[in-house]
Amino acid sequence: MSVMTLNEIAEYVLASLKKAGAEKASCVTARGRKEEFNIEANKFTLLRTLFDDALSIKALYGGRKGVASINKLDKDSIDKAVEDCITLAKAGTPDEAEDIAEFIENKNFNRSIGGSQMDKLFTRTKDFLEQIKDEYPLIMLEGVTSAFSSGRGVYANSNGVVFSDESECYGMGSMFVAKDGEKSSSFNGYGESMLSLDKAFLDMGMHRALIEESVRSLDTRMVDKKFVGKVIVTPACEDMIWDTLLDCFMSDRSLIEGTSRWKDALGTKVADSKLTMRSVPHHPSVVAGERYTGDGYESFDADLIKNGVLEAFALSLYGANKTGNKRTKNTAFSNIEVVAGDVALADMIKGVDKGILLNRFSGASPSPSGDVSGVAKNSFLIENGKVTDALSETMVSFNIVDIIADIVAISKEQATNGSSILPWCCFDGITISGK
Amino acid sequence: MLQDLLSVHKAEFKDHTELRAQVNTTKRVTLLLGNMVSNSQSEGGGVSARVYKGGTFGFASGAEYSPESVKNVIAAATDNAGFMNTHVNLGEKPLPQAKAGKAELKTKVENNVSQSMLIDFANTLDGIITKKYKNLTARTVIADFLGMEKLLVVSDGADSHWYQPRSTVYVFMTAETSDGVPVELYEPFSSHGHFNEIFTDPNLLTNKLDELYEHLMKKREGVYSKAGLCKCVMHPDLAGILAHEAVGHTVEADLVLGGSVAGHNLGKQVASDLITMLDVAHTFNGKTCPLPIYVDDEGVTAEDAVLIENGILKGFMHSRETARRFDVAPQGNARAFAFNDEPLIRMRNTVIMPGKSKLDDMIASIDDGYFLVKTGNGQADSTGEFMFSVELGYEIKNGKLGQAIRETTISGVAFEMLKTVDMVSDDMVWSISGFCGKKQPITTSMGGPAVRCDINIGGR
């Protein structure tokens, strides 16, 4: 049998599942290729090429769900996956909330950029390595990857929904420390996705600023004693805040369990009026944003919190059916934009008598109470409106529900890394402690 | 079971080459308040080749495992190695040779772990929890199986066929404080072996679940810990993550080359002389470890790595490449998670050796401090500064346990904090439930005794 196209595979899977007795079924299949350069400890170490296939199928049989995933696309493997999926579903428990997307409009998306330029990617990576050696001789690149990824994916279900998406993009990620004799800074990192290789890696987003701050972090101090103060969270660290809100108060799990502190708060004020938080896969700064959800709906940008009011939960179709709320217009856990405020970053810093500029947070997984504690990494003390010493062994503790209720300021400036678009945010009432 | 399509190519290898076929199989059932929110299985496998030439590697992988695809990945990896050698040209010496040999399967590859077993177990356990523990506002039961099979052929060193089945049940319990704030605790039950061998009867977990529920009821009344440096006793459940996060990552040789503070501490006192720490290959005190590694993914026969001996930093964990740079022998720490991952330096069974003290005496010896019982996640740093979460702990007042504390985080600088250890208990606990993240996830095992030390605790 000749090699099937992804659309043919999807059709074949859905027909097989229906023949096996599934009343509803869906299928996601993809073929992709990735080429990646690796650097470790300031030296090139590896070039790797990955050819990947994927097939994930879902069947509803008597209201019971089964999901089987494989990474082979030959007929025998597909037939076995179909059989396994039906077996799983038969063994499951019926749940009326399980469903698949209804037919609305099928679409094909194509975000190809004309293929890879591997020689240019190598040159960009080599230039970055040499630039670091020249401009920041105290920086050790613990690990760098630069990659080109391409692939095509198809979603189809038994309601007639079919989406396809062809995409290509570059990506780079770096982990680095400053090292001077026996002194080391904390590690830090930066990553960005991009559609072209026009810009030097070092000049992307906050990359250079974070590297410079690592050099400044070779000499650190602890805070003198425990105090309650302000913390300016930079875009490099801010996912910690928004991911916690999404996980603990807006997700399927938290709402089905009923542990979300916002379970009854839809349409009410949960945050300071300055806060507008959106999930924006179509934002021009987002590279390779989602075009359709895993449930089979086209993805659109969505307001989650608008002027402090909770506009939407981050619910899948199942979560929506289970809780009686609306599903989110996209998968919502990536491509977060926090709308810029009206205060310049420099003025925001001037407004802090005693606090921290928080660049990285190493802390516990978020708990449903909203209590958060952890270590301030790659961070600096702010004293009398000025950023002063780099910090070590400094812990921060706060309740996230409390701090977002009264946000001191949100900056005019935003930073993007091809995935999110975030400003600097100043929060108050945070316990900051040294030894 | 994987067929050997690899050995036929061994005679063709010109440069150092690793050829690996691998299949990872997972099965998972999740019950959220009794709702089956996941009922899934996955199988991901294929073949990869890595070729070393003059100081850099070329790697390639494909999902298809056939005679033709094996040839293709060897050719692609060789091309990539050639590209790197031409463009980078480090001119490094060859990798150190490893002892030749062949490690046969020590655990039988079985595919008879049915989804029904996981579903029945999870449903029965969920029923027990619902009936027995009345003050819960939410509960989650997860039954999980991971099987990893690898077939490795190398140009020099040991070929191997390895299989690791890991079975885990996670139970999450949630209750509310008097003012309606949710508090949560979880317990992982995990072991090397197939699900049906490890989890024969859900009722056998109830003693541990009784304890979990009792702790949760106390945590509902919990108080915030007082932020700052404190004297504490870490339960043996925390010692493993102490070994893994505080020291283990710091002494991985790739991170040492990348700037870790451990680099200039080799041969120096970095801990109290009560501390001896190993990364065990496969056998500890005559018993097979939770994660036995006999040959790593570079074809190196695995041996125990002594990291700290009586407080002195003795060595690092290596790949062949870092072993060459440090001029030592590799000990089998290079492992890959999936077929399309290249081997990285990873911990295996990282353990702090037990001491002579009794846990009760250690608690009784503290006037004002904390007994830290359960942890969640953790993270290491190049500076040696580590943190890990504390999901459950108690105040110690005048040698006795007091109120439970709410979730918090502890941190310290490993080589300073370990010098404050002045009591080590005579028992130990192993843990194998989690994954370690470092470019790729990987299964690791960790263990140790209770320790008394000074540590920085977050709080109010």
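Domain bounds here come from an automatic or database domain assignment. On that basis, chain A splits into domain 1 (6–216) and domain 2 (219–435). This is a predicted model, in which local features need pLDDT of at least 70, side-chain atom pairs count only at pLDDT 80 or more, and totals for chains, interfaces and linings use all residues. Residues are numbered from 1 along each chain as its sequence is written, while chains are lettered from A and ligands numbered from 1 in the order in which they are written.

Take chain A as a whole to begin with. Its secondary structure comes to nine helices and 22 strands; helices (H or I, at least four residues) and strands (E, at least two) are DSSP runs, numbered from the N terminus. The radius of gyration, taken over C-alpha atoms, is set against a globule rule of 2.2 Å times the number of residues to the power 0.38. Along the principal axes, the C-alpha atoms of chain A fill a box of roughly 70 × 55 × 35 Å. Of the 435 residues, 52% count as buried, meaning that 20 or more other C-beta atoms, placed from the backbone, lie within 10 Å of a residue's own.

The C-alpha centres of domain 1 and domain 2 lie 25 Å apart. Their contact takes 29 residues from domain 1 of chain A and 24 residues from domain 2 of chain A, where two residues are in contact if their C-beta atoms, placed from the backbone, lie within 7 Å. On the domain 1 side, the elements giving two or more residues are strands S4 (107–111), S5 (139–157), S6 (162–180) and S8 (188–194) plus helix H4 (207–216) of chain A. S8(A) gives the most, with five residues. By class, this side of domain 1 of chain A has twelve nonpolar, nine polar and eight charged residues. Here Ala, Val, Leu, Ile, Met, Phe, Trp, Tyr, Cys and Pro count as nonpolar, Asp, Glu, Lys and Arg as charged, and the others, Gly among them, as polar.

Now for chain B, which has nine helices and 26 strands. Its radius of gyration of 23 Å is close to the 23 Å that the globule rule gives for 460 residues, so chain B is as compact as a globular protein of that length. Buried residues make up 59% of those 460.

Strand S3 (residues 64–70) of chain A runs parallel to S2(B), with four bridges joining them; strands pair if DSSP finds at least two bridges between them. Within this arrangement, A:Ile70 stands opposite B:Glu43 in S2(B).

Definitions and conventions. Buried ≥ 20, exposed ≤ 12 C-beta atoms within 10 Å, placed from the backbone.
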